[in-house]
Amino acid sequence: MIYIAWMDEHTDQTRKPRADAVRNRERVLEAAKAVFNAGGPEASLEAVAKRAGVGIGTLYRHFPTREDLFEAVYRREVEQLSELAEQLKNASDPVDALRRWLRSGVEFVATKKGMVAALALAVQSGSELHAFSFERLTKAIGSLLDRAAAAGAMRADVSPEDLLRAFFGMCYMHDQPGWQSSVLRMLDVFVDGLRVQPAMKAKVRASAKPAKPAAKRKR
C-alpha cells in the first residue's frame, strides 16, 4: 500500500510541473517580451535571465534552444492579442476598440523583430507557427472589424486579411530606431481613413431603405 501510494504521488509529480517551475517559466516569457521588445545590443538570453531573476541554466531548462524560446514567446503574444480582441468586443466605441488592438499589435511586432535580430533566427513564412498566428490574428481583428462595420462606423468592403496585411506592411517598412512611434501615427491616419464619412453614411442609409412602390397612373 505504501509503495502504491508513493507511485501515485510520484506519477502526479511527473505529470504536473511544480508551481515554482511554472512561475519561473512565466517570468522568463514576460522578461523575454520586455527585453526583445526594447531591442538593441543589450537584448540577449543572459539579459532575459537576469530580468526574470533566474539563472541562465533555468532558462535553458525551460527552453533548450533559441527556437523554443522564440516559439513560446510568439505563441503567448498571439494568445494575448486574441484575448484582447474578446475583451474589446464589448467596448462602447468599435472604431476605438480596433485602434487599441492595432496599437497593441505594434508591441507584438516589436517583440518579434527583437527576437529575430537578437537570436539570429530565420523565420519561415510558410511554417506551422506562421499559419497558426495568421489564423488567430485574422479571426481576432475580423471580429472587431465586423462589429465596427455593423455599427456603420467603418467601411464594410475591407477584409480582415487585407487589414492585417496592411498593418504588417506598415510595421515592416520601418526598421530605424523609434519606428514604433511612426507606425502608431500612421495607424491613426489609416484607421481614420477607414471610417464611414457622413456623406457615405447618408448614402448607405438611403440604399438600405425599401423602395417606394410606383404610383399608379390615372386612365
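Q: The expected span of a helix is 1.5 Å times one less than its number of residues; how does helix 7 (residues 128-150) do on that score?
A: Helix 7 has 23 residues, so the rule predicts 33 Å, and the end C-alpha atoms are 33 Å apart, which agrees. Helices here are DSSP runs of H or I with at least four residues, strands are runs of E with at least two, and both are numbered from the N terminus.

Q: What kind of model is this, and which residues count?
A: It's a predicted model, where local features need pLDDT of at least 70 and side-chain atom pairs need 80 or more, while totals for chains, interfaces and linings use all residues. Numbering runs from 1 along each chain as its sequence is written, and side-chain values use heavy atoms, with hydrogens and water left out.

Q: Why is Leu 163 called buried?
A: Buried means under 20% relative accessible area, exposed means over 50%, and partly exposed is in between (1.4 Å probe, protein chains only). Leu 163 comes in at 1%, so it is buried. This residue sits in helix 8.

Q: What does Leu 163 touch beyond its neighbours within four places in sequence?
A: Contact means heavy atoms within 4.5 Å. By that test, Leu 163 meets Leu 98, Ile 141, Leu 145, Val 158, Phe 190 and Leu 194. Leu 163 and Phe 190 are 27 residues apart in sequence, with their C-alpha atoms 9.9 Å apart.

Q: What do the buried residues of helix 7 pack against?
A: They pack against helix 5 (66-88), helix 6 (94-118) and helix 8 (160-172). Among those buried residues are Phe 132, Leu 137, Ile 141 and Leu 144.

Q: What makes a set of residues a nonpolar core?
A: The set must be buried Ala, Val, Leu, Ile, Met, Phe, Trp, Tyr and Cys residues joined through side-chain atoms within 4.5 Å. The largest one here has 59 residues, and Phe 36, Leu 69 and Trp 101 have the most contacts inside it. Elements giving two or more residues to this core include helix 2 (19-38), helix 3 (45-52) and helix 9 (179-194).

Q: How do you know where this core lies relative to domain 1 (1-64) and domain 2 (74-208)?
A: Both domains give residues to it, so the core lies between them. The domain bounds come from an automatic or database domain assignment.

Q: Why is the pairing of Arg 76 with Glu 30 called a salt bridge?
A: The rule asks for a side-chain nitrogen of Lys or Arg within 4 Å of a carboxyl oxygen of Asp or Glu. For Arg 76 and Glu 30 the closest N and O atoms are 2.8 Å apart, so the pair passes. Arg 76 is in helix 5 and Glu 30 in helix 2, so the bridge ties together parts that are 46 residues apart in sequence.

Q: Buried or exposed: what do you call Arg 76?
A: Its relative accessible area is 18%, so Arg 76 is buried. Glu 30, at 40%, is partly exposed.

Q: What makes Arg 103 and Asp 188 a salt bridge?
A: Their N to O distance is 3.6 Å, so they meet the rule too. The pair links distant parts of the chain, with Arg 103 in helix 6 and Asp 188 in helix 9, 85 residues apart. Bridges that share partners join Arg 99, Arg 103, Asp 188, Asp 192 and Arg 195 into one network.

Q: How many salt bridges does this rule give?
A: The count comes to 12.

Conventions:
Expected span 1.5 Å × (residues − 1).
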